[in-house]
Amino acid sequence: MNEDPRVTVREAADHAAVVTVAGALDLHTADGFHAQAAAAMATHHHLVLDLTHLSFCDSSGLSTLLRLLRHARTADAGLALAAVPDQMRRLLAITGADTVFALYDSPAAALAAHHETARP
């Protein structure tokens with residue numbers, strides 16, 4: 001059985017946070033990840049999920065990301081995916097989810113885009 005992915009939260013400007021996910025996001029780990037990401041979303045207006053160290057994502061992981069996106073939209077918050085690994089990019093493309101997520105090459109690019117829209 002897999003362990004929950006390692007999740008770290010780093011504060012950023014404009015009420016944003018970078019949530020770094022390392023490990024697998026699958027049937028066994030999705031609920032634990034969701035709880036940690038939802039907790040971060042409760043205190044930040046915008047989350048950037050840094051997936052640089054994500055080793056695997058299955059349909060359960062994708063479902064969890066879609067739940068987080070729905071939660072963010074309901075809360076009038078933002079959610080972006082950054083540094084998406086090739087395997088996950090294929091999953092997003094096959095399912096059409098690449099059209100609903102904001103995708104960035106790096107956490108820095110995602111934060112820069114957020115900072116541009118957060119300015120009055």
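D58 caps the N-terminal end of helix 2, with a side-chain oxygen placed 2.9 Å from the backbone nitrogen of S60; a polar contact here is a pair of N or O atoms within 3.5 Å, in which, within protein, one must be able to donate a hydrogen and the other to accept it, and residues adjacent in sequence count only if both atoms are side-chain atoms. The model is predicted, and local features need pLDDT of at least 70, side-chain atom pairs count only at pLDDT 80 or more, while totals for chains, interfaces and linings use all residues. Residues are numbered from 1 along each chain as its sequence is written, and side-chain values use heavy atoms, with hydrogens and water left out.

Helices (H or I, at least four residues) and strands (E, at least two) are DSSP runs numbered from the N terminus. Helix 2 covers residues 59-74, and its 16 residues should span 22 Å at 1.5 Å a residue, which agrees with end C-alpha atoms that are 22 Å apart; the expected span is 1.5 Å times one less than the number of residues. Beyond helix 2 comes D76, whose phi is positive, near 55 degrees.

Buried means under 20% relative accessible area, exposed over 50%, and partly exposed in between, with a 1.4 Å probe and protein chains only. The buried residues of helix 2 are G61, L62, T64, L65, L68, L69 and A72. Seen down the axis of helix 2, these buried residues fall within an arc of 155 degrees, so they line one face of the helix; the arc is that of the directions from the helix axis to the C-beta atoms. The face turned away from the buried side carries the exposed residues S59, R70, R73 and T74.

Contact means heavy atoms within 4.5 Å. The elements against which the buried residues of helix 2 pack are listed here.

| Element | Residues |
|---|---|
| Strand 2 | 16-25 |
| Helix 1 | 30-43 |
| Strand 3 | 46-57 |
| Strand 4 | 78-82 |
| Helix 3 | 86-95 |

Within helix 2, T64 counts as buried at 2% relative accessibility, and, leaving aside its neighbours within four places in sequence, T64 is in contact with A30, F33 and H34.

The five strands form an open sheet in the order 1-2-3-4-5, with mixed pairing, where two strands pair if DSSP finds at least two bridges between them. Strand 1 (6-12) and strand 5 (102-104) stand at the edges, each with a single partner strand, so one side of each is left without a neighbour in the sheet. Strand 4 and strand 5 pair in the parallel sense over three bridges, and A82 stands opposite Y104 in strand 5.
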